[in-house]
Amino acid sequence: MQYSIGVEYALHCLVYLIDIPEDSPTGIKELSFFQGISDTYLSKIFSKLSKSGIVKSVPGVKGGYRLSKSPEEISFWDVIEAVEGPKPIFQCKNIKDNGYLYRENCCSAPSSCTINLVMLSAEEKMRDFLRSKTLAWLNKELDTVLPKQIREDTRKFFSKSNN
């Protein structure tokens with residue numbers, strides 16, 4: 001299982017939007033410059049975040065993006081699902097139905113696959129954990145794990161880019 005790097009870029013960028021005043025949206029150019037990635041790539045990620053209702057696009061010369069919900073309402077899972085899509089990680093192909101006994105009609109295949117049920121249960125536990133981690137939690141956590149100067153410099157960068 002592997003999520004694309006787009007999920008990581010999305011989570012980082014969304015944290016930067018937390019402290020930005022609602023009337024000062026942040027542009028893709030500033031976010032992509034800060035992250036060191038192309039605007040085109042980040043625009044695609046933000047298009048998905050916008051479609052999912054996580055961010056709101058603000059048109060105009062001073063336009064950009066802002067959070068469309070409070071950081072307490074945006075979970076890691078919301079971001080993952082927005083960027084990666086809603087499909088399950090494990091894709092059961094019912095290979096049990098191709099087994100010798102079932103091919104030869106000696107037995108009838110059970111209606112559900114035990115392996116699939118276990119995998120889906122595990123995925124649900126992971127989703128529940130990721131739903132419990134919000135942008136507000138991440139923002140608070142970053143205040144404790146990152147040097148204070150890095151947090152201050154990041155906030156200054158985005159407050160300057162909005163002036």
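Of the protein's 163 residues, 35% count as buried, where buried means under 20% relative accessible area, exposed means over 50%, and partly exposed is anything in between (1.4 Å probe, protein chains only). What you have here is a predicted model, so local features need pLDDT of at least 70 and side-chain atom pairs count only at pLDDT 80 or more, while totals for chains, interfaces and linings use all residues. Residues are numbered from 1 along each chain as its sequence is written, and side-chain values use heavy atoms, with hydrogens and water left out.

On to the layout. Reading from the N terminus, the order is α-α-α-β-β-α-α-α-α-α. As for contacts, meaning heavy atoms within 4.5 Å, take those between residues at least 6 apart in sequence: 66% of them join residues at least 24 apart.

Let's start with α1, which covers residues 5-18. This helix has 14 residues and reaches 21 Å from first C-alpha to last, close to the 20 Å expected at 1.5 Å a residue; the expected span is 1.5 Å times one less than the number of residues. α1 is mostly covered, with 11 of its 14 residues buried. Among them are G6, V7, Y9 and A10, as well as C13, Y16 and L17.

What does α1 meet in α7? On the α1 side the residues are L11, L14, V15 and I18, and on the α7 side they are L135, L138, N139 and L142. By type, the residues of this contact divide into 7 nonpolar, 1 polar and no charged. For that count, Ala, Val, Leu, Ile, Met, Phe, Trp, Tyr, Cys and Pro are nonpolar, Asp, Glu, Lys and Arg are charged, and the others, Gly among them, are polar. The axes of α1 and α7 (residues 135-145) come within 10 Å and cross at roughly 85°. Axes here are lines fitted to C-alpha atoms, for helices over the stretch in contact, and angles run from 0 to 180 degrees between N-to-C directions. The two helices are therefore roughly perpendicular to each other, going by a scale on which angles under 35 degrees are roughly parallel, over 145 roughly antiparallel, 65 to 115 roughly perpendicular and the rest oblique.

Now look at α7 on its own. Its buried residues are L135, L138, N139 and L142. They cover an arc of only 100° around the axis, which puts them on the same side of α7; the arc is that of the directions from the helix axis to the C-beta atoms. K140 and T144, on the other side of α7, are exposed. N139 is worth a stop: it is buried, with a relative accessible area of 11%. Leaving aside neighbours within four places in sequence, N139 is in contact with V15, I18, D19, R151 and R155.

Helix α3 can be read the same way. Its 13 residues (39-51) should span 18 Å at 1.5 Å a residue, and its end C-alpha atoms are 18 Å apart, which agrees. L42, I45, F46 and L49 are the buried residues of α3. They take up an arc of only 95° around the axis, so they sit on the same side of α3. Turn to the other side of α3 and you find T40, K44 and K51 exposed. What do the buried residues of α3 pack against? Their partners are α1, α2 (28-35), β1 (55-58), β2 (64-67) and α4 (76-84). After α3 comes G53, with a positive phi near 80°.

A few single residues round out the tour. R66 is found in strand β2, and its C-alpha is 6.7 Å from that of E22, 44 residues apart in sequence. Apart from neighbours within four places in sequence, R66 is in contact with L17, E22, I54, V55, K56 and V58. S75 has its place in the loop between β2 and α4. Is S75 buried or exposed? At 5% relative accessibility, S75 counts as buried. Not counting residues up to four places away in sequence, S75 touches L130, R131, K133 and T134. Finally, E124 belongs to helix α6 (residues 114-132) and, at 31% relative accessibility, counts as partly exposed.

Definitions and conventions. Helices (H or I, at least four residues) and strands (E, at least two) are DSSP runs, numbered from the N terminus.
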